[in-house]
Amino acid sequence: MFPDFKDQYARIYNGAGHYTKAEKLWALALQKHREVLGDAHQDTSRTMTRLAGAYRDLGQYEKAKTLLVHGLDTQRQILGDDHPDTLESIDSLAITYDELGQYENALELGLMAVEKRKEIMGKDHPDTVSSMANLGLVYGRLGRFEEAMKLQILALEKRRQALGDDHPHTLSAMNNLSVTHRKLNKFEEAKNLLMHVVEKRMHLIGEDHPDTLISVSNLAMTYRSLGKFAKAQELELSVFQKHCQILGHDHPMTLISISNMAGTYNCLGQSENALKLHISVLEKRRQILGDVHIDTVRSIGYLGDTYNYLGQFDRALKLNLLAIEKRQDILGEEHPDTLKSMASLAITYGALGKFEEAKSLQVYVLEKRRKTVGEDDPNTLRTMIHLKAMYYSLGNIEEANKLARPDPEKVMADHDPETQLVISSLAAAYRMAGKVEEAEELAKLFPQSNTFKADE
């Protein structure tokens, strides 16, 4: 045994967000451990876990997975399944599977880590709480937002009690909970949490730290959902510039920031600008992450949506079909993202005059959304509007009349640009059915075509 200064300095660099420096030191430490102690030594396997974490922070998820799988196998042999180091590696591998979009694998290991740590360390141990927080993230990725929220609230309570409001782990729990609030359309709750997190992180770790930038990015997305597009754009541009400077142009977090900017352009009706960014991100993600990574599939879906907004429905059709196929394989048929792709494809079908195909899709999506997010969720209401339009377009007035016309304020609550497409579809269907007054009333909701009103 010898003093491991490389490990100590690597931890300091990693905590400060200097992931490249941390990775280099842990790589040197691992090399030294292997030479002196061998692969089967506890210190060697522990360093493998930490180096894998640095790879993950750098967006090198496959390298992280390879190292963790090897290290975990060694730890199970020399330490056993219940040793704290083994459980740390299980938890770290679960996080890595999450980053790779392999959510079922992440869920299996996350559940194992929580169960084992509760049994061995107790439900209030910091490591147990950490595993609970990570498991909450996985539930969120799987679209199981209520389960995610329960775990995240519990993790936040325990961290507040043990560490106080301003501890980095407490702020991380607040950040994670804010994402779930936003997914559940609780935008004010998300904003309030994030404003606190951003303020504290800027003070404690600085405005350029990757964790601070994640919170700023989440705040920008929340502002977008609240219709405050100017604020969202300002924050998104700042995050993008800092990500390029700190992490590089090709880091997964940088690509997320570009994609977020494109999303705001779409909300502002500036879909030509959004198109260029989404095409760029999709190309990069295919090169760096591969065709089947969930982030690549998201880009395919975003690009399909953008072609819809631009009225380029033939191009949208190919991408939306591909997005559905990939999301069904990765996430399952009832995941919110899969349903989003189905709804987008239905809009494309409707615009191409394939009303029967659009209707069939929206009947399925409406049933699932009513079951999972409820009758008053903006996504459910948009589905209802478009389905109503398809029934009118098919001449099935009886079925169309069974669907109540949703309150426009509820439909537009999340400021999703898809709202204009579905309302335009219903207005056109009203005109075809001779309901001119109803069509004109809907048209008043968007007096400037393809443009959402920006901040005053």
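Between which two helices is N185 found in a loop?

1. **Basis of the model.** This is a predicted model, in which local features need a pLDDT of at least 70 and side-chain atom pairs count only at pLDDT 80 or more, while totals for chains, interfaces and linings use all residues. Residues are numbered from 1 along each chain as its sequence is written, and side-chain values use heavy atoms, with hydrogens and water left out.

2. **Confidence.** The pLDDT, which is the predictor's confidence in each residue on a scale from 0 to 100, averages 94 over the chain. A score of at least 70 is reached by 97% of the residues. Over residues 449–456, however, the pLDDT is below 50. Where pLDDT is low, the predicted coordinates should not be read in detail.

3. **Secondary structure and overall form.** The chain comprises 23 helices and zero strands; helices (H or I, at least four residues) and strands (E, at least two) are DSSP runs, numbered from the N terminus. The radius of gyration is 24 Å, close to the 23 Å that the globule rule gives for 456 residues, so the chain is as compact as a globular protein of that length. That radius is taken over C-alpha atoms, and the globule rule is 2.2 Å times the number of residues to the power 0.38. Taken along the principal axes, the C-alpha atoms fill a box of roughly 85 × 45 × 40 Å.

4. **Burial, contacts and surface.** Of the 456 residues in the chain, 50% are buried. Here buried means under 20% relative accessible area, exposed means over 50%, and partly exposed lies in between (1.4 Å probe, protein chains only). Among contacts between residues at least 6 apart in sequence, 57% join residues at least 24 apart. The chain exposes about 20600 Å², and carbon and sulfur atoms supply 50% of this area. Accessible areas come from the Shrake-Rupley method with a 1.4 Å probe; for residues, only the protein chains shown count as cover.

5. **Charge.** There are 57 positive and 66 negative side chains, and the centres of the two sets lie 1 Å apart. Lys and Arg count as positive and Asp and Glu as negative, whereas His and the chain ends are not counted. The place of a charge is taken as NZ of Lys, CZ of Arg, CG of Asp or CD of Glu.

6. **Two residues with positive phi.** Most residues other than glycine have a negative phi. N185, although not a glycine, has a positive phi of about 65 degrees. In reply to the opening question, N185 is found in the loop between α9 (168–183) and α10 (187–204). Its relative accessible area of 23% makes N185 partly exposed. H415 is likewise not a glycine and has a positive phi of about 55 degrees. H415 lies in the loop between α21 (408–411) and α22 (418–432), and is partly exposed at 25% relative accessible area.

7. **Helix α4.** L72 is found in α4 (residues 61–78) and is buried, with a relative accessible area of 4%. Not counting residues up to four places away in sequence, L72 touches T86, S89, I90 and L93. D73 is also found in α4, but counts as partly exposed at 45% relative accessibility. The C-alpha atoms of D73 and S89, 16 residues apart along the chain, are separated by 9.7 Å.

8. A54 is found in helix α3 (residues 42–57) and is buried, with a relative accessible area of 0%. A54 and E23 are 31 residues apart in sequence and 5.3 Å apart in space, C-alpha to C-alpha. Not counting residues up to four places away in sequence, A54 touches E23 and W26. H243, in helix α12 (residues 229–246), is buried at 2% relative accessible area. Leaving aside neighbours within four places in sequence, H243 is in contact with L213, G248, M253, T254 and S257.

9. **A loop lysine.** K123 is found in the loop between α6 (103–121) and α7 (126–141). Apart from neighbours within four places in sequence, K123 is in contact with K118, T128, V129, M132 and K158.

Notes:
Contact means heavy atoms within 4.5 Å.
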